[in-house]
Structure formats: C-alpha cells, structure tokens
Amino acid sequence: MPNPGNPSDGPLHPPLAALAALRAGHRRYLAGTATGSPGPAPTVAVFSCADPQPAAETLFPGVDLYVVRTAGLAVGPSVLGSLEYAVDRLGVPLVVVLGHDRCGAAAGAGDGAVRRAAALLLQRSTLLARAVTAGHCAVVGMSWRAELGRVRPVPRVAPAPAARLRSRARPPAARPAGAPR
Ligand SMILES: [Zn+2]
C-alpha cells in the first residue's frame, strides 16, 4: 500500500481511503468499541454470501455500507445492476467481495469463490471494469473466518488496487526498458 504521507501521492486516493475506513471499522468490531451509526452516503459496497455469517454492518461498524447478498456469491443481472448503481450513481469507491469459510453454496471453496466472483463482476460489467481501470473504484476480496473470529483479506483478487494505483502514479517514460509489464 502506498504511503499516504508521501507528498508525491497527493491526497489519499478514494478507494484506498475507503479501504482504510473499512479496516478501521473492523478494528472497532474486534475491539468491541463500536459507536455511532452510519450515515446515508455509502463509502463501501459489500457483496457477500447470503449464508448465515455475521452481517457486514456488524463486522464493519460505523462504516456507511451498501450491501448486496446472494447464495454462494452468485453473480447475476440483479447483482451487477445493484453494484453498478452503487459505483456509478452513488459514487462508491470500493467494492468488497466478502466470502466466508465453510460455504456450502459457493462453487469452489473459500478464497477461490471470492476470486471467481470478483473476476465475474469485472468480466460481466463493462461499467465496473471501466471504473476500476480509471481508478475511480477498486474491487478487493475478504473472507470471514469463523475459527479466527475475524475478516481476513483474500490476496490476488485482480486487479489489486495498490498495484494499479502505483502503475497510475508512474509516468510511462519512467518505466525502464525491458522491465516486465
Ligand atoms: Zn456461503
């Protein structure tokens, strides 16, 4: 993750600011210090499984959430339309695909189900893919781990927002000849 204090980075990018807010919310959940209630303008869209698991509002207290749930993170037209509305009309800068362990409804297990759902969102929605490419929005993966009692990040959900932000920040001319793309 880029250093927010680096002056060359300017203000914290909206997707990263939203991710920081979400992580702060989960720390409040873990610490049992949740206070206040969210306002009307969502900061983060959470797409999660409909299976019994702690609700996103419980896991990220104090964060303004926009929540979509389907069994096994199934990606259909209503999911795509709901998330496109959040990103395009409400200006939500971060979409979290939130899976959970021991999911009986998802095709593929655990982190694989999260990566598959995130990939489908970007394959099937031109609007979401363009918002990510433009840096207006990021898609990240997370998973509720019941045995740990906490949410863990799911790595390698492409495209990773931090890598994309770094590539945006670097002028093309600065890329060394022969560097891997
Ligand atoms: Zn599930």
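Two strands are taken to pair if DSSP finds at least two bridges between them, and strands (E, at least two residues) and helices (H or I, at least four) are DSSP runs numbered from the N terminus. In these terms, Ser48 has Leu98 in E3 as its bridge partner. The structure is a predicted model, in which local features need pLDDT of at least 70 and side-chain atom pairs count only at pLDDT 80 or more, whereas totals for chains, interfaces and linings use all residues. Residues are numbered from 1 along each chain as its sequence is written.

The strands form an open sheet of five with the order E2-E1-E3-E4-E5 and mixed pairing. Its edges are strand E2 (65-70) and strand E5 (150-154), each of which pairs on one side only. On average, and with direction ignored, neighbouring strands of this sheet are turned by 30° against each other; axes here are lines fitted to C-alpha atoms, for helices over the stretch in contact, and angles run from 0 to 180 degrees between N-to-C directions. Strand E1 (residues 44-49) runs parallel to strand E3 (residues 94-100) and is joined to it by four bridges, and Val46 stands opposite Val96 in E3. E3 also pairs with E4 in the parallel sense, over seven bridges, with Leu98 opposite Met142 in E4.

A residue is called buried if 20 or more other C-beta atoms lie within 10 Å of its own, exposed if 12 or fewer do, and partly exposed in between, with C-beta atoms placed from the backbone. By this criterion, seven of the seven residues of E3 are buried. Leu94, Val96, Leu98 and His100 lie on one side of the strand and Val95, Val97 and Gly99 on the other, and both faces are covered.

Contacts are assigned where the C-beta atoms of two residues, placed from the backbone, lie within 7 Å. Helix H3 (residues 77-89) lies across E1, E2 and E3 and runs at about 170° to E2. Helix H4 (residues 110-124) packs on the sheet, touching E3, strand E4 (138-145) and E5, and its direction makes about 155° with that of E4. A nonpolar core is a set of buried Ala, Val, Leu, Ile, Met, Phe, Trp, Tyr and Cys residues joined through C-beta atoms within 7 Å; the largest has 47 residues, and Ala45, Leu94 and Val97 have the most contacts inside it. Beyond its neighbours within four places in sequence, Ala45 is in contact with residues including Tyr66, Val68, Leu83 and Ala86.

Under "binding site", an unreviewed UniProt entry lists Cys49, Asp51, His100 and Cys103; such annotations may be inferred rather than shown by experiment, and the positions are given in the numbering used here, with feature names shortened. These residues span 55 residues in sequence, yet no two of their C-alpha atoms are more than 8.8 Å apart, so they gather at one spot. Asp51, in the loop between E1 and helix H2 (56-59), counts as partly exposed because it has 17 C-beta neighbours inside 10 Å. Cys103, in the loop between E3 and H4, counts as buried, with 21 such neighbours inside 10 Å. Leaving aside neighbours within four places in sequence, Asp51 is in contact with Ala71, His100, Cys103 and Ala105, and Cys103 is in contact with Cys49, Asp51, Gly72 and Ala113.
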